[in-house]
Amino acid sequence: MSMISRGTQVPARWQLLACGLVLMASCSIAAAADGGIVDVHALPQLEGAVEDTSRPDPYRVEYRMPTPEAVTSPAVKKLLSADGWVPYVRPLEEKSTTLNFKKGRLGLSVYLTQGLGRPDQSVVHYSTDRIYGNVPFPDGASDIMFDGTRPYLGCIAPSALDATSDFYASQMAAIGWQKLTPETAARWTSSLDETVPNGLRAFYAHPDSKEGGFYQQKPVMVTLTRRDDGRTNVDIRVAPFALPSELKADGDLAGLPRPNPTKTARSLGSASSNKREMSAAVMAELPAVLAFYHRELAARGWQEDGSAPLAPGDEIAIKISNTDETGVLRLGRKYDFTMVSLTAQVKDSALAARAKAKKEADERFFKDAEAAAKQVIAADEARRKVQAAALSDTPLNALADSKTPVPLPETAEGVKFEGGDGRLEFSSTSSVKALGTFYRASLKNAGWKEQPSVINQPNMAVMEFSKAGKSISMTVMQMGPKVNVSANGTGLVVAAAKPVETKSAEAKPIQAKSTEPLKPDPDAALPVPTQRSSSGVSSTKFPGSDQSFRKELEASIPAELSDVLAFYRAELTKRGWQEKTDGTTVTAERAELAFTSPEGPAMLKLGRAREETTVSLVQRNPQAAAKADIIPKAGQARLMLGNIGPKEASLTINKQTIKIAAGAGGPQSPKGPMLDLPPGKYQYALRLPGQPTRNETLTVAAGDAWGLLVGPTGEVLPLQMY
């Protein structure tokens with residue numbers, strides 16, 4: 001043995017070893033301090049075992065063996081049996097691979113796993129298993145079925161009835177069980193029926209004992225029965241009079257009633273399935289379980305239609321039915337459980353009625369969806385016309401002092417130029433036509449040659465230019481009340497360029513003068529003057545619903561902004577709207593006012609374009625939106641996706657890719673995928689099989705709910721729902 005003198009510096013590995021020994025010692029002490037917990041570290045291990053000490057634990061230990069599981073398992077069982085541990089099986093766990101052992105009041109669970117990547121090796125795991133209701137095992141007992149939580153014991157004692165009776169009389173008393181008499185049993189029952197054909201029965205109770213590990217233990221019934229082979233059947237279980245006589249309902253399984261308490265339960269199907277079933281092992285006597293189902297099934301509209309053929313294990317089988325279903329309730333006994341099997345099957349007539357109702361509902365939905373889609377498209381077209389009418393076709397001049405490789409029109413706003421990547425973006429109040437004419441002329445004069453493009457519409461134009469091996473691709477698209485221009489290509493690349501942002505060009509206000517007082521249109525859903533050049537009202541709602549989540553009016557009025565503002569303040573007040581003082585903005589060129597209306601919050605925005613006052617009036621209905629579950633989380637915006645096309649679509653936004661199944665939002669999926677996003681501007685990409693990727697931009701604010709609907713030909717229709 002090496003010696004370390006006082007004052008010598010101890011190597012780190014020796015310090016670790018010392019700590020490990022102290023920790024292992026403390027584990028053993030902790031385990032030994034509890035008389036009901038076995039010290040797993042002191043148990044025998046197979047020869048050749050290599051214990052894992054990397055994670056010391058007082059309640060479990062594991063060691064590796066150089067043999068496969070099939071060899072190790074019987075060897076462990078033999079080793080522990082030689083050390084006095086008695087193996088047993090738990091009720092209803094006959095197929096479990098876990099080995100269970102008992103030694104006095106101590107319990108032990110052993111399970112084996114294959115060595116990692118080594119089928120020729122195995123790992124043995126010892127775990128403590130506290131026994132809460134200890135009863136003695138006869139020496140040499142066989143076919144032991146035991147559960148120490150109740151307790152329950154079923155086994156065959158090798159001795160005759162009298163010897164076995166003497167064994168339990170002495171051993172039950174030795175661990176604190178007290179035999180009940182009519183007097184001591186009076187708190188539980190008025191009768192102790194001890195008559196057993198070819199055997200005998202006794203009842204025992206155990207007082208609370210911290211030292212013995214007993215706490216609120218129910219009385220047990222010990223039944224001994226003489227066998228033809230001279231041995232004795234042993235059955236110990238909780239006394240029937242200590243079990244509940246009236247069971248309460250637990251949570252349903254597959255929509256079928258389940259009693260409480262149950263040891264195990266499972267189900268197949270759901271409450272809406274054509275076929276469903278539930279099974280359970282109930283910790284109660286059969287009459288109590290039967291009374292429970294008489295009560296619960298009747299309360300749910302089921303009636304009993306007589307007896308059904310008995311299956312193996314059944315003691316009772318009852319036919320049941322209701323308006324739409326037929327079923328069978330089966331009850332039997334196994335160990336100390338009442339076993340329940342309850343099945344239900346939808347009748348053929350009900351299936352036909354359901355199919356008919358579903359078909360009719362599908363047809364109604366598709367009709368409503370088609371009508372809603374037409375309404376949305378028409379509203380969007382009307383909105384686009386109103387917005388397009390506000391855009392200017394006036395010929396454009398180039399913005400002076402522009403530092404971009406291509407000229408900027410004088411109406412350019414929010415310019416972002418990234419010369420290193422060759423990107424240019426801005427918006428404008430000029431029309432697509434005016435911007436297209438401006439760039440075709442200015443770039444042609446600069447020597448750029450335009451490549452023909454098939455996309456040249458009033459609301460969108462795509463232009464391709466080339467010169468001296470360089471190229472520029474430009475997209476001009478109407479997005480609401482403005483036109484967005486985006487361009488990229490090698491012709492825009494500037495070395496060491498810094499991002500450029502320009503402010504909106506200052507335009508001189510031109511005020512229109514109204515010739516007569518503004519008069520309200522009596523037929524309009526939202527107030528709008530009869531003196532208007534254009535107007536459109538849109539509303540958003542789910543198909544089949546009468547309540548709108550959001551109404552929006554857009555109009556252009558040939559009158560001064562102050563007159564239009566006075567008109568709306570007067571008309572909205574007449575309708576019970578109240579103007580909020582917070583956040584109100586009024587200038588000569590624009591106004592923004594918030595209101596509370598009878599249906600919910602509202603916002604009025606006024607602006608100037610082409611010598612007219614533009615109107616945007618939005619009213620929201622939070623009650624209808626909440627009922628439809630489209631309101632986003634606080635501080636977020638919600639995006640709802642739908643697809644009325646025949647093929648699955650894929651949408652990528654905010655670094656997330658979402659699959660939108662064909663027909664999403666249809667009868668099989670009333671709501672398509674939904675996504676909550678922080679407020680901001682997002683680019684999204686839509687992909688459909690066999691079609692080029694569509695890239696669009698969407699700006700959302702906190703509290704907004706937007707719908708993106710994929711059409712039959714792959715077009716994307718954005719619609720603000722709330």
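The legends below describe close-up views of a predicted model.

**View 1. The largest nonpolar core and its contributing elements.** This core has 26 residues, and Leu424, Phe426, Tyr439, Ile472, Met474 and Val476 touch the most other members. At least two residues each come from strand E21 (412-418), strand E22 (423-428), helix H6 (432-445), strand E25 (460-467), strand E26 (470-479) and strand E27 (482-488). H6 gives the most, with six residues. Another core, of 23 residues, lies apart from this one and includes Ile557, Leu565, Ala591 and Val615.

**View 2. Surroundings of Phe426.** Leaving out residues up to four places away in sequence, Phe426 touches Leu408, Pro409, Ala412, Glu413, Gly414, Val415, Tyr439, Val483, Asn484 and Val485.

**View 3. Helix H6 and what covers it.** H6 has 14 residues, and its first and last C-alpha atoms are 20 Å apart, close to the 20 Å expected at 1.5 Å a residue. Val432, Ala434, Leu435, Gly436, Phe438, Tyr439, Ser442 and Leu443 are buried in this helix. The cover over the buried residues includes E22, strand E24 (456-457), E25, E26 and E27. Gly447, which follows H6, has a positive phi, near 95°.

**View 4. Buried and exposed residues of helix H3.** The end C-alpha atoms of H3 (residues 161-174) are 20 Å apart, which agrees with the span its 14 residues should have at 1.5 Å a residue. Leu161, Thr164, Ser165, Tyr168 and Met172 are the buried residues of H3. Because they cover an arc of only 100° around the axis, they lie on the same side of H3. An α-helix has 3.6 residues a turn, so residues three or four places apart point the same way. Asp162, Asp166 and Ala174 are exposed on the other side of H3. The packing partners of the buried residues are strand E8 (152-157), strand E10 (199-205), strand E11 (220-226) and strand E12 (232-238). Gly176 follows H3 and has a positive phi, near 100°.

View 5. Strand E16 (residues 275-282) and strand E20 (residues 337-346) pair in the antiparallel sense over eight bridges, and Ser279 stands opposite Ser341 in E20.

Definitions and conventions. Residues are numbered from 1 along each chain as its sequence is written. This is a predicted model: local features need pLDDT of at least 70, side-chain atom pairs count only at pLDDT 80 or more; totals for chains, interfaces and linings use all residues. Side-chain values use heavy atoms; hydrogens and water are left out. A nonpolar core is a set of buried Ala, Val, Leu, Ile, Met, Phe, Trp, Tyr and Cys residues joined through side-chain atoms within 4.5 Å. Buried means under 20% relative accessible area, exposed over 50%, partly exposed in between (1.4 Å probe, protein chains only). Helices (H or I, at least four residues) and strands (E, at least two) are DSSP runs, numbered from the N terminus. Contact means heavy atoms within 4.5 Å. The expected span of a helix is 1.5 Å times one less than its number of residues. The arc is that of the directions from the helix axis to the C-beta atoms. Two strands pair if DSSP finds at least two bridges between them.
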